[in-house]
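Subject: Structure handover

Hello,

Here is the structure you asked for. Please open it alongside this note; what I found follows below.

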Amino acid sequence: MAGTDPIHQFNIIKYFTFATVGGDGTPGSGVELAFTNSALFMALVLALVSGYLILSTQGRGLVPGRLQLVSEMFYEFIANTVRSSAGTEGMRFFPFVFTLFAFLLVGNLFGIVPYFFTITSHVIIAAALALLVMAIVIVYGFMRNGFGFFKLFVPSGIPAPILVIVVPIEILSFISRPLSLSLRLFGNMLAGHIVLKVFAGFVVMLSGAGFLGIIGAILPLGMTIALTALELLVAALQAFVFTILTCVYLNDAIHPGH
Amino acid sequence: MGRAFRFAAEFVAAIIAGGLIGYGIDWLAGTTPWAMIVLLLLGFAAGVLNVMRAAAEMNSDVADSATTGSVPDDDDED
């Protein structure tokens, strides 16, 4: 049943190995740095996004063509998101937020294409991106506010005895952010693709059971089509949610103390 | 569905973070299981706080779009 195994699609395949870090030379020791299918699709996403943006902005027409219009809409959309949740000052993070959104959106949508690897369905990708966001929030927060950044953990107008309880809660709430950010993205992509594969597997199994089976296979086939549409929505929505939460957290770094 | 999943993720993440940090403190200080119990409860509180914040944020987003209407933003000065 290798053809209908719903987890098989998440396998990491090593194409070739660059180098081995550490270990004692024997096979299987140390950390292998390999070019995997995940790395291949990350490179493809980057190539597609940057290629498209470079190509579509070549003309720089005052009246944009169709390709340029899409790029401009993309820009306007992210710029408005950043401005509305992190203020005008948040625009200095625009390149980062735009890159993040483009990478996640195209990476998620790539996952819908059959035989394509879904890079965001691995928690390490989502966690690395979430930790990058939190690192930027912490570093920029301290750079801009110094120790005033700690005001983030001390809500104003609360009597001192209650602060003993509130401050640890606020700190935990802050620590849980990268966790919820990465778990949500990875969970949605993983669960969606497994459900899609399971229903598609029903079609294969039923159609193997003769004429009646083929008639019955119409039901899961319809479900698969509906789920594909839903997955398209989820892919775009999760990329957007990740982006808007990044903006909200960046806003905390710019203006700590609620 | 996205909204419900967001609340769930915010809530669960805080509890997991609390539990893991508590377990780590216990492991370092050898005070099993006290730090984990305390931090799990704090994580629970932090989860409720997260959900309240997320809900407030969403409500303000809805209010914003309701007051400004569906007119597209046309500021292109920068």
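In α3(A), the buried residues are A:V97, A:F98, A:F101, A:A102, A:F103, A:L104, A:L105, A:V106, A:G107, A:N108 and A:G111. This is a predicted model, so please read everything here as computed. The cover over those buried residues of α3(A) includes α1 (37-56), α2 (66-86), α5 and α7 (218-254) of chain A. The length of α3(A) checks out: at 1.5 Å a residue, its 19 residues should span 27 Å, and the end C-alpha atoms are 27 Å apart.

A:Y115 lies in the loop between α3 (94-112) and α4 (123-145) of chain A. Its phi is near 70°, a positive value in a residue other than glycine. Most residues other than glycine have a negative phi.

Chain A overall:

- The secondary structure of chain A comes to 7 helices and 2 strands.
- Along the sequence, the order in chain A is β-β-α-α-α-α-α-α-α.
- The radius of gyration of chain A is 23 Å, well over the 18 Å that the globule rule gives for 258 residues, so chain A is more spread out than a compact globule.
- The C-alpha trace of chain A spans about 75 × 55 × 45 Å along its principal axes.
- Buried residues make up 28% of the 258 residues of chain A.
- Take the contacts in chain A between residues at least 6 apart in sequence: 63% of them join residues at least 24 apart.

Now the strands. β1(A) and strand β2 (residues 31-36) of chain A pair in the antiparallel sense, over 6 bridges. A:T20 stands opposite A:E32 in β2(A). How many of the 8 residues of strand β1 (residues 14-21) of chain A are buried? The count is 0, and the strand is hardly covered.

Next, helix α5 (residues 160-207) of chain A. Its 48 residues should span 70 Å at 1.5 Å a residue; the end C-alpha atoms are 69 Å apart, which agrees. There is still a bend in α5(A), of about 30° at A:S176. A proline, A:P178, follows within four residues.

Further along, A:I215 belongs to helix α6 (residues 210-216) of chain A. Is A:I215 buried or exposed? A:I215 is exposed, because 11 other C-beta atoms lie within 10 Å and the cut-off is 12 or fewer. A:I215 and A:Y249 are 34 residues apart along the chain, and their C-alpha atoms are separated by 51 Å.

On to chain B. Here 17 residues of chain B are in contact with 14 residues of chain A. On the side of chain B that touches chain A, α1 (2-29) and α2 (34-68) of chain B each supply at least two residues. α1(B) gives the most to that side, with 10 residues. By type, the residues of that side divide into 10 nonpolar, 4 polar and 3 charged.

One last backbone point, also in chain B. The peptide bond from B:T32 to B:P33 is cis, with omega near -5°. Most peptide bonds are trans. B:P33 lies in the loop between α1 and α2 of chain B.

Best regards

Key:
Residues numbered from 1 in each chain as written. Chains lettered and ligands numbered in written order. Predicted model: local features only at pLDDT ≥ 70, side-chain atom pairs only at ≥ 80, totals over all residues. Contact = placed C-beta atoms within 7 Å. Nonpolar A, V, L, I, M, F, W, Y, C, P; charged D, E, K, R; others polar. Buried ≥ 20, exposed ≤ 12 C-beta atoms within 10 Å, placed from the backbone. Expected span 1.5 Å × (residues − 1). Bend = angle between axes of the 7 residues up to and from the residue. Pairing = 2+ DSSP bridges. Rg over C-alpha atoms; globule rule 2.2 N^0.38 Å.
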